[in-house]
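Thanks for coming. I have one structure to go through today, so let me put it on the screen.

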Amino acid sequence: MYDPYLLVKCFSLIPKKAIFAENNIIMEFKRNIIITGGAGFIGSHVVRLFVNKYPEYHIINLDKLTYAGNLANLKDVEDKPNYTFVRADICDFDKMCELMTQYRVDGVIHLAAESHVDRSIKDPFTFAQTNVMGTLSLLQAAKLYWESLPEGYEGKRFYHISTDEVYGALKLTNPEGVESPFTTKASSDHHHAYGKDFFTEDKKYQPHSPYSASKASSDHFVRAFHDTYGMPTIVTNCSNNYGPYQFPEKLIPLFINNIRHRKPLPVYGKGENVRDWLYVEDHARAIDLIFHKGNVADTYNIGGFNEWKNIDIIKVVIKTVDRLLGRPEGADEDLITHVTDRLGHDARYAIDSRKLQKELGWEPSLQFEEGIERTVKWYLDHQDWMDNVTSGDYMKYYDDMYKNR
Ligand code: NAD
Ligand code: DAU
């Protein structure tokens, strides 16, 4: 069978400009791409996809390894010759400049962020620091490096991953006499919607939480670097992701773990809020497509055409966990506990991603039923991963491992 790594390693194929350092041969890769936040949930799927799909690219995973970063998410690619992990903080501007030069970076896919809304309500400063100042530090480092090259910005790309939460919240509305969710062609052929409005790329930014305010600010900085300096930037705004390797502070993995251990399920308010769910590998595929084929200075919305009220998705998760654990389906619904609502809780998110569909041909590949089945199964089969993450053991391990680097 064709093995691209064998070719990469094969001496006769080392390109003319291979570099020799300390007796090791370092490949001259076709592209050198920094992926920030690659040890997190979505980042790890993006890193895995790029490392496997593009053996001719050098993928540098730059991550601070906060509580949300976990190198166990990337065990299967850590020994690949085109993968490098660097522990660094995006806010460390000198380090960002050093890395740009050291790895001769020509592409940045920026996912590193503080990502949990509830944490942002308790500690907004950390969100402003990482999401705004960190993004600015990365932008400025890329700018200085790329402008120092003879070819300047040619062939370069700074791709910023953002969220639909920057658009604020939509209302739950339904046509007279029709129950929600109703089928509408307003955003796709098969959208079951909880309202008539959707987030399109030209929707005004109206963030509500400190998290979404910090993401909105970082989006503005990215666009400003295009408009002011001509940096080739792209921004995408995606809806709620679900799938393997998500930190269990977020709804789906938290609830799967709690159901397994018969712990209460804290539903905020009445559980009436609506989110648009996308399987994480479909987001990673969209990122790959847009990184390569998206228009510079453009924005693309990415969504699942898949709206759910929290309480309904929770019931689907309960049934799936129960079935896979051999319990009577729905038996664990007694764990549902309504708790005080999240402050400023956004009512509904719903992405219209027809632009991405029309221009680049992207569509979600997985039906939700299949995605949720796969996700629940993955968490139930990876209790060791869950135990590590929830016990904090992995943090101690990485601190010891990296403190002297
Ligand atoms: P995550 O919290 O799982 O991972 C974030 C990663 O960033 C972690 O590995 C963490 O260690 C790293 N990080 C944090 N601060 C850092 C710093 N200062 N320097 C370097 N690394 C740092 O997040 P996620 O859910 O995978 O989200 C990734 C990106 O996608 C974020 O920018 C988020 O805003 C965006 N996004 C997420 C979703 C979603 O549903 N999860 C949806 C749309 C957009
Ligand atoms: O829309 C994209 C965003 O989706 C991303 O930008 C964020 O990084 C990501 O965390 C996610 O934000 P949400 O706040 O929508 O996700 P979360 O999993 O925290 O919550 C989903 C919904 O479930 C939300 O309406 C709040 C509710 N919820 C959440 C938790 C953790 C509960 O009812 N109980 C809970 O314990």
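Which residues come nearest to ligand 1? This is a predicted model, so please keep that in mind throughout. Ligand 1 has 30 residues around it, and the nearest are Gly 37, Gly 40, Phe 41, Gly 69 and Ala 113. Four elements each supply at least two residues of that shell: helix H2 at 41–53, helix H5 at 124–147, strand E7 at 157–163 and strand E11 at 240–242. H2 gives the most, with three residues. By class, the shell around ligand 1 has 13 nonpolar, 12 polar and five charged residues.

Now the other ligand. Ligand 2 is surrounded by 19 residues, with Ser 115, Thr 163, Lys 250, Leu 251 and Tyr 268 the closest. The elements giving two or more residues here are helix H7, 251–260, and strand E12, 265–268. E12 gives the most to this shell, with three residues. The shell around ligand 2 divides into seven nonpolar, seven polar and five charged residues.

Next, the overall fold. The protein has 13 helices and 16 strands. Of its 405 residues, 44% are buried. If we take contacts between residues at least 6 apart in sequence, 80% of them join residues at least 24 apart.

On to the sheets. One open sheet has seven strands, in the order E5-E4-E3-E6-E7-E10-E14, and the pairing is parallel. Strand E5, 83–87, and strand E14, 299–302, are at the edges with a single partner strand each, so one side of each has no neighbour in the sheet. On average, neighbouring strands here are turned by 20° against each other, ignoring direction.

Within this sheet, look at strand E3, residues 31–36, and strand E4, residues 57–63: they run parallel and are joined by six bridges. Ile 33 stands opposite Ile 59 in E4. E4 is also mostly covered, as six of its seven residues are buried.

Helix H8, residues 280–293, packs on this sheet and touches strand E6 at 107–110, E7, strand E10 at 233–238, and E14. The direction of H8 makes about 150° with that of E7.

There is also an open sheet of three strands, with the order E11-E13-E15 and mixed pairing. Its edge strands are E11 and strand E15, 307–309, each pairing on one side only. Here neighbouring strands are turned by 50° against each other on average, again with direction ignored. Strand E13, residues 274–279, runs antiparallel to E15, and three bridges join the two. One place to look is Asp 276, whose bridge partner in E15 is Glu 307.

Last, the core. How many residues does the largest nonpolar core have? The count is 87, and the residues with the most contacts inside this core are Ile 35, Val 46, Ala 142 and Val 317. Take Val 317 as an example. Setting aside neighbours within four places in sequence, Val 317 is in contact with Ile 252, Phe 255, Ile 256, Ile 372 and Val 376.

That is what I have for today.

Note on methods:
Residues numbered from 1 in each chain as written. Chains lettered and ligands numbered in written order. Predicted model: local features only at pLDDT ≥ 70, side-chain atom pairs only at ≥ 80, totals over all residues. Near = placed C-beta within 6 Å. Nonpolar A, V, L, I, M, F, W, Y, C, P; charged D, E, K, R; others polar. Pairing = 2+ DSSP bridges. Axes fitted to C-alpha atoms, helices over the stretch in contact; angles between N-to-C directions. Contact = placed C-beta atoms within 7 Å. Core = buried A, V, L, I, M, F, W, Y, C linked by C-beta atoms within 7 Å. Buried ≥ 20, exposed ≤ 12 C-beta atoms within 10 Å, placed from the backbone.
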